[in-house]
Amino acid sequence: MTSAQPAPALSTALIETARIRSVELLRRNLTSEGVLASSHSSRAEDRHYTSIFGRDAAICALGMFVSGEDDLVEGGRQGLRTLARHQAPNGQIPKYVKPHKGEVDFWYTGCIDATLWWLIAIRLHDRLIPGGNLGGEVDVQVERALRWLHCQEHQVWHLLQQNEASDWADIMPRSGFVLYTNALWHWTKRLYGLQAEATRDYANHLFSPFGGAVPEHRRARLMTHYIRNKARRTELYLSFVNFSFWGEEVDVFGNLLAGLTGVADPSRAVSMIESLRALEVHRPWPVRVVGHPIERRDPLWRHYMQRHKQNLPYQYHNGGAWPFVGAFWVLLHARLGRTKTAWSELERLAEACSLGDWEFNEWFHGATGEPMGMPGQSWNAALFLLAHRTL
């Protein structure tokens, strides 16, 4: 990280208001079992947003732990404990839990990243909180979770494998080896002192097969050779790689995580930031989560993407702008020493969250900037706090 620098004068008031409003929203969404994904409403109830989500609660915990607010710190802890209590016997962390109903959900095709984010949050709690020993409290569950993930891992390439629509982008066609998931796996391995080098190396071979390095493993060589002959050359990582097809739509979140977790080295991360800026993924709001939205005529288009007319181009996971992902955009700029730009993008995040009298909308249309999705999103508030605290 670079040394802290003051925010530009023009953004100070809005950013400070956003910090205060973020704390207020998290407190409204806090329960004795952890933080809900969004604020209470009949629509939120119908869509299960008033639940303790595995990935949401764990991601929120990262911001809550650095908030400086004791009740939020404890709320972040409680969410992780709730998820631990409802862990599956095989070690998987649920997609969501409704403690008051005793309902535990694991999604249709699995939910691989909830377990990853939970492990990350557990370890970061103990690093960030003086005297923290949450990892010791849930050590049995941690061991089970790591064992479950190792069972999803390719035994030579050390990359996790998954089905379609089985991570946060749960109506997208990414499958096989997915960039976003394996950036988190690399981070998890680093945090837990596991062998991360092979995961990083094969991630670079498969998701960016355009360099001079050649994989040692024969099947990996064949796969990268096939991609290299047919894919567009780019500084950005492919969103996923499967047996004979791959994703060139540009997974912005996955690329940001690759830069933040060390999958990409710093010089590569700088090139990635420049490529993403050239795609204007930070406009209309930081940040659009797909560089080139998947159109109906694209071979990657799936019929399920039009459920609720939600995942059409520039919407939802197919190119909508998500403020919580925008916080990772800020974090990567900060990590690369682009502090002035990071503050400017944090101001844009504050402005997005402020729309509708601080609605903290789930996502925005990636072309028009129109607020969409569920209001009162906890992870928008929590990740704003994390980005602000980092700067």
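1. Please keep in mind that this is a predicted model.

2. Let's start with the loop between α12 and α13, where Val287 is found. The peptide bond joining Pro286 and Val287 is cis, with an omega of about 5°. Pro284 also has its place in the loop between α12 (266-278) and α13 (323-335). A cis peptide bond joins Pro284 to Arg283, and there omega is about 10°.

3. Lys309 belongs to the loop between α12 and α13 too. Although Lys309 is not a glycine, its phi is positive, at about 50°. Is Lys309 buried or exposed? Its relative accessibility is 67%, and the cut-off for exposed is over 50%, so Lys309 counts as exposed.

4. Gln310 is another residue in the loop between α12 and α13. With a relative accessible area of 12%, Gln310 is buried. Which residues does Gln310 touch, not counting those up to four places away in sequence? They are Arg47, Ile171, Met305, Gln315, Tyr316 and Trp363.

5. Two of those names come back at a pocket: Arg47 and Tyr316 are among the residues nearest the centre of the second largest pocket, together with Lys95, Trp107 and Asp170. The lining of this pocket has 25 residues, and its volume is about 550 Å³. What is the make-up of the lining? Eleven of its residues are nonpolar, five are polar and nine are charged.

6. Val250 sits in the loop between β7 (240-241) and α11 (252-261). Here again phi is positive in a residue that is not a glycine, with a value of about 75°. Val250 has a relative accessibility of 8%, and because buried means under 20%, Val250 counts as buried.

7. Next, helix α10, residues 218-230. At 1.5 Å a residue, its 13 residues should span 18 Å, and the end C-alpha atoms are 19 Å apart, which agrees. In α10, the buried residues are Ala220, Met223, Thr224 and Ile227. They cover an arc of only 95° around the axis, so they lie on the same side of α10. What do the buried residues of α10 pack against? Their partners are α9 (197-207) and β7.

8. Last comes helix α15, residues 378-390. Its 13 residues should span 18 Å at 1.5 Å a residue, and its end C-alpha atoms are 18 Å apart, in agreement. Why can α15 be called largely enclosed by the rest of the structure? Because ten of its 13 residues are buried. The buried residues are Ser378, Trp379, Asn380, Ala381, Ala382, Leu383, Phe384, Leu385, Leu386 and Ala387. They pack against α1 (12-28), β2 (34-35), α3 (54-65), α13 and α14 (339-358).

Conventions:
Residues are numbered from 1 along each chain as its sequence is written. This is a predicted model: local features need pLDDT of at least 70, side-chain atom pairs count only at pLDDT 80 or more; totals for chains, interfaces and linings use all residues. Side-chain values use heavy atoms; hydrogens and water are left out. On a 1 Å grid over the protein atoms alone, a cavity is a set of points where a 1.4 Å probe fits but cannot get out, and a pocket is an open set with protein on both sides within 12 Å along at least five of seven lines; lining residues have an atom within 4 Å of a point. Grid points are joined across faces, edges and corners, and a volume is the space filled by probe spheres set on the points. Ala, Val, Leu, Ile, Met, Phe, Trp, Tyr, Cys and Pro count as nonpolar, Asp, Glu, Lys and Arg as charged, and the others, Gly among them, as polar. Helices (H or I, at least four residues) and strands (E, at least two) are DSSP runs, numbered from the N terminus. Buried means under 20% relative accessible area, exposed over 50%, partly exposed in between (1.4 Å probe, protein chains only). The expected span of a helix is 1.5 Å times one less than its number of residues. The arc is that of the directions from the helix axis to the C-beta atoms. Contact means heavy atoms within 4.5 Å.
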